[in-house]
Amino acid sequence: VQLQASGGGLVQTGGSLRLSCTASGRFFTVPIMAWYRQALGKQRELVAEIASGDSITYTDSVKGRFTISRGVDWKSVHLQMSSLKLEDTAVYYCHFRSAGYSYWGQGIQVTVSS
């Protein structure tokens, strides 16, 4: 399984961006899909996660501003980011885990400027 992420870029504060990640290959079980981010000099952190039954979790700092969604076939995940802040600047990674396996997409740079 490989993950291909897209989206990201440069946006001003208050703007919006959409990240997408699509998996090739097959999962044996419905995957748990997530977005992580890593800012310069900081540890990677979970931003949002969606699991079976559409159970969704957000880190506190993005609640009300970011929305995670999935494709109907559970092979794609999206992150709609709104009201972006300077502190949202980071490299964003999509992550799928299924049946004990863990998959990472390539990092996507999101830069929020004032």
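**Loops, strands and ring pairs**

Biologist: Where does Ala99 lie?
Modeller: Ala99 is in the loop between strand S9 (90–98) and strand S10 (101–104). Strands here are DSSP runs of E of at least two residues, numbered from the N terminus.

Biologist: Before going on, what am I looking at?
Modeller: A predicted model, in which local features need pLDDT of at least 70 and side-chain atom pairs count only at pLDDT 80 or more, while totals for chains, interfaces and linings use all residues. Residues are numbered from 1 along each chain as its sequence is written, and side-chain values use heavy atoms, with hydrogens and water left out.

Biologist: Back to Ala99. What is its phi?
Modeller: Near 50°, which is positive in a residue that is not glycine. Most residues other than glycine have a negative phi.

Biologist: Is Ala99 buried, partly exposed or exposed?
Modeller: Ala99 is partly exposed, at 45% relative accessible area. Buried is under 20%, exposed is over 50%, and partly exposed is in between, with a 1.4 Å probe and protein chains only.

Biologist: And Trp74, what is its phi?
Modeller: Trp74 is not a glycine either, and its phi is positive at about 60°. Trp74 belongs to the loop between strand S7 (66–70) and strand S8 (76–81). With 13% relative accessibility, Trp74 counts as buried.

Biologist: Which hairpin has a glycine with positive phi?
Modeller: The hairpin of S5 and S6, where three residues lie between the strands and Gly53 has a phi near 75°. The two strands, S5 (residues 45–51) and S6 (residues 55–58), pair in the antiparallel sense over four bridges. Pairing requires at least two DSSP bridges between the strands.

Biologist: What is the bridge partner of Ile50 in S6?
Modeller: Ile56.

Biologist: Where is Asp60?
Modeller: In the loop between S6 and S7. Asp60 is exposed, with 60% relative accessible area. Its side chain makes a polar contact of 2.9 Å with the side chain of Lys63. A polar contact is a pair of N or O atoms within 3.5 Å; within protein, one must be able to donate a hydrogen and the other to accept it, and residues adjacent in sequence count only through side-chain atoms.

Biologist: How far is Asp60 from Ala48?
Modeller: Their C-alpha atoms are separated by 9.7 Å, and the two residues are twelve apart along the chain.

Biologist: Now the open sheet of four strands. What is the order?
Modeller: S1-S3-S8-S7, with antiparallel pairing. Strand S1 (2–7) and S7 are the edge strands, each pairing on one side only.

Biologist: How many bridges join S3 to S8?
Modeller: Six, between strand S3 (residues 17–24) and S8, running antiparallel. Within that pairing, Arg18 stands opposite Gln80 in S8.

Biologist: His78 is in which strand?
Modeller: S8. His78 is buried, at 15% relative accessible area. Its side chain has a polar contact of 2.9 Å with that of Ser20.

Biologist: What else is His78 in contact with?
Modeller: Leaving aside neighbours within four places in sequence, the contacts (heavy atoms within 4.5 Å) include Leu19, Trp35, Thr67, Ile68 and Gly71.

Biologist: How many disulfides does the structure hold?
Modeller: One. Cys21 is joined to Cys94, with S to S at 2.1 Å; the cut-off for a disulfide is sulfur atoms within 2.5 Å. Cys21 lies in strand S3 and Cys94 in strand S9, so the pair ties together parts that are 73 residues apart in sequence. Both cysteines are buried.

Biologist: Which hand is it?
Modeller: The S-S torsion of Cys21 and Cys94 is about 55°, so the disulfide is right-handed.

Biologist: How many aromatic pairs are there?
Modeller: Five in the whole structure. Phe, Tyr and Trp rings (six-membered for Trp) pair if their centres lie within 6.5 Å; planes under 30 degrees apart are stacked, over 60 edge-to-face, the rest tilted. Phe27 and Phe96 are stacked, 5.5 Å centre to centre with 25° between the planes.

Biologist: Where do Phe27 and Phe96 lie?
Modeller: Phe27 is in the loop between S3 and strand S4 (32–38), and Phe96 is in strand S9, so this pair ties together parts 69 residues apart in sequence. Both Phe27 and Phe96 are buried. Tyr101 and Tyr103 form another stacked pair, 6.5 Å centre to centre and 25° between the planes. Tyr103 is buried at 19% relative accessible area.

Biologist: Which residues do ring pairs link into a cluster?
Modeller: Phe27, Phe96, Tyr101 and Tyr103.
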